[in-house]
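These are my notebook entries on one protein chain. I set down here what I looked up in its model.

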Amino acid sequence: MKKELSIKDIVAVGIGAAVFVILFRFIAIPSGLPNTEIQIAYGFLALMGSLFGPIPAALIGFIGHTIKDFTTYGSAWWSWIVCSGLIGLAFGLVGKKFKLEEGIFTKKDMIYFNIFQVISNAIVWGLVAPTLDVIIYAEPANKVYAQGIFSVISNSISAGIVGTLLMVAYAASRTKKGSLSKD
């Protein structure tokens with residue numbers, strides 16, 4: 001496992017965080033729950049995790065969510081920012097198993113990714129985020145766990161649909177090894 005970020009990784013973090021902020025801030029669907037929206041940004045984060053690995057994806061989620069909070073609310077909600085980093089880390093860990101750069105993303109890969117991302121979303125948004133809200137901000141448990149459950153569902157759907165489609169499209173845009181022949 002590499003120990004330092006490459007120039008490519010650093011550029012990916014910068015561009016990825018910028019795209020994450022745009023998606024997170026401007027392409028979000030209100031949910032009716034306070035401070036909780038349906039986000040497609042997590043589907044994009046799944047693609048970035050698969051392409052660049054766990055550390056860049058964690059940084060994209062963490063930095064992107066931080067910028068979004070500061071530019072939207074004027075302050076940061078650190079418990080959920082940390083969790084955006086954690087879900088990026090999870091997406092990067094599972095993404096290491098895929099061969100998107102080689103043009104391969106099989107049905108088995110899709111199923112594996114979606115099982116893993118639903119479990120990861122359940123842990124991060126259903127358990128870690130609301131627990132941190134209670135510990136750090138003394139938020140009412142019933143409120144933040146309701147937000148957490150909604151986020152598990154909406155982020156799982158987002159990552160499942162948008163993330164899977166982005167990975168399929170990316171893999172399809174790559175030339176498969178051995179698919180070119182010399183005439």
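I began with burial: 44% of the 183 residues in the chain are buried, that is, under 20% relative accessible area with a 1.4 Å probe and protein chains only, where over 50% is exposed and the range in between partly exposed. I note that the model is predicted, that local features need pLDDT of at least 70 and side-chain atom pairs pLDDT 80 or more, and that totals for chains, interfaces and linings use all residues. Residues are numbered from 1 along each chain as its sequence is written, and side-chain values use heavy atoms, without hydrogens and water.

I next looked up the fold. The chain has six helices and two strands, which are DSSP runs (helices H or I, at least four residues; strands E, at least two) numbered from the N terminus. I read their order from the N terminus as α-β-β-α-α-α-α-α.

I then checked the extent. Along the principal axes, the C-alpha atoms of the chain fill a box of roughly 70 × 30 × 30 Å.

I looked up contacts, meaning heavy atoms within 4.5 Å. Of those in the chain between residues at least 6 apart in sequence, 72% join residues at least 24 apart.

Ala138 is not a glycine, yet I found a positive phi of about 55°. Is Ala138 buried or exposed? Ala138 counts as exposed because its relative accessibility is 65%.
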